[in-house]
Amino acid sequence: MDEENLPQQLPYELDLRVASDTPVRGVKIKPYVVAKDRARKFPKANPQLLIPCLPVAKLRDDRIFLKANPQPPIICSWFRKKLTTCSVHPSTVATVQCISCVHLKLKEKSYYCSAQCFSSDWGSHKIFHRNAAAESKTTPKNQQELSHQIRRSVSWPQSLYEIPEQEGEEWVQVASSETYEPSNDDINSLLMLECVAIDSENGNHLSLVQRKVFTNPVIAFPVCSPRRMIAIGSNDDGLAFSVLSYNILADILAKNHRSCPTWALEWEYRKQKLLKEINEYDADIICLQEVQQNHYKDFFEPELRSHGYSALYKRKTNINELYTAEGYIYEGCAIFYRGDKFEVTMKEEHNVAIVVVLALKNGSTGCNLQSRICLANTHLSAGKNKTNLRVFQVATLIDKLQEIAQSQNIPLLICGI
């Protein structure tokens, strides 16, 4: 529908936002789209709604509004625009173009990702100029002009011009869905999202089309270097087992790390990296801290259970609940253990810890000896002016753990901080 012919005052106004302007291949984009009735009073648009670590008051109004105002159907369309890439590094977006190639009407090898890249390639590129000029079908006079231009371009810094931003092909629609997961075909391309509210009965527009063009092109999924692990010895009696302790940084707290790129803090990206790394360690016992309850229930518990782990979760108490677009969110500690190797014989929950006694199952180590261990997974209160509270939490936890370990004559292992 042509927007120029639409009424100037349509009944709805769209609020469209995304958490990051840098899409990543394989990481699903989940935009925030809300249709707000112009005839009703509604809260001022909150530009931080997608940043979940906010006090309750800043988000409650938006959530109340959504509950009280049914949403009309919203059509979402995704578009892709291929950008020009470097002639030397095809996986990198070009930023400069050779002026001599422009005069020679050559595009195949004229684009570079930087002036330094062009300088490094100049030795072979100037030969490409001469060969192209010799093969061009021009009059002798024009040939002389081209040769003169090429000779002048030997000083390479003066033979470049910056490519206008977003130069590339035309926009092409790639999907019609609420979310979009960039593929390999999207790398080095710009993405655009168009949303419009419609009348479900006649299909007429109830709002103007809201567009969001992502500032940065789609990047490939980063490959991280493996961590350097330090060996601390071995056990040859057949009773060895491995333990992984990992503070995974709750999503509701991640946005406080402003020195990190926003795309690297997105949960849709981080959860893939975390799960891959955790599975690679192949630990017998996994202790995770700062685990959001929704991420435990919807992601970690089912994913790790499919790899043979049983799971326990303890919500962290005495902390302020955080209110987000998904409702109240809190975090806590989780323990995962090999169900074919261990069984829980005792479980207790404390203020900032979950404590269990794990017993090796008969036959799990190839001998008849059944060993037990008391395991605590904890995450102390953080923040300024909480030193005394942390000392109190440690003292009370240690007292309880000593009582359990001494009464059952078993070793003790504490994970987390």
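**Helices and buried loop residues in a predicted model**

The accessible surface of the protein comes to about 23600 Å², and 50% of that area belongs to carbon and sulfur atoms (Shrake-Rupley method, 1.4 Å probe; for residues, only the protein chains shown count as cover). This is a predicted model, in which local features need pLDDT of at least 70 and side-chain atom pairs count only at pLDDT 80 or more, while totals for chains, interfaces and linings use all residues. Residues are numbered from 1 along each chain as its sequence is written, and side-chain values use heavy atoms, with hydrogens and water left out.

Student: How many helices and strands does the secondary structure of the protein contain?

Tutor: Helices (H or I, at least four residues) and strands (E, at least two) are DSSP runs, numbered from the N terminus. On that basis the protein comes to 10 helices and 19 strands.

Student: What percentage of the 417 residues in the protein is buried?

Tutor: Buried means under 20% relative accessible area, exposed over 50%, and partly exposed in between (1.4 Å probe, protein chains only). Of the 417 residues, the buried share is 44%.

Student: How far apart are the end C-alpha atoms of helix α10?

Tutor: Helix α10 covers residues 387-408, which is 22 residues. The expected span is 1.5 Å times one less than the number of residues. The helix should therefore span 32 Å, and the separation of its end C-alpha atoms agrees, at 32 Å.

Student: What arc around the axis do the buried residues of α10 cover?

Tutor: The buried residues of this helix are Q393, L397, L401, I404 and A405. They lie on the same side of α10, because the arc they cover (taken from the directions from the helix axis to the C-beta atoms) is only 90°.

Student: Which strands do the buried residues of α10 pack against?

Tutor: The face turned away from the buried side carries the exposed residues N388, V391, F392, D399, Q406 and S407. The partners are β16 (342-350), β17 (353-360), β18 (372-378) and β19 (412-416).

Student: At which residue does helix α9 bend?

Tutor: The bend at a residue is the angle between axes fitted to the seven residues ending there and the seven starting there. In α9 (residues 293-305) the angle is about 30°, and a proline, P302, follows within four residues of the bend, which lies at F299.

Student: Which backbone nitrogen does the side chain of D284 reach?

Tutor: D284 sits in the loop between α8 (267-281) and β11 (285-292), and its relative accessible area of 13% makes it buried. Its contacts beyond four places in sequence include F241, Y309 and F336. A polar contact is a pair of N or O atoms within 3.5 Å; within protein, one must be able to donate a hydrogen and the other to accept it, and residues adjacent in sequence count only if both atoms are side-chain atoms. At 2.9 Å, the nitrogen reached is that of S242.

Student: Which residue has its backbone oxygen 3.1 Å from a polar atom of the side chain of K316?

Tutor: K316 lies in the loop between β12 (309-315) and β13 (322-324), and at 8% relative accessible area K316 is buried. Beyond four places in sequence, K316 touches E331, G332, N351, V352, H379, L380 and S381. The backbone oxygen at 3.1 Å belongs to L380.

Conventions:
Contact means heavy atoms within 4.5 Å.
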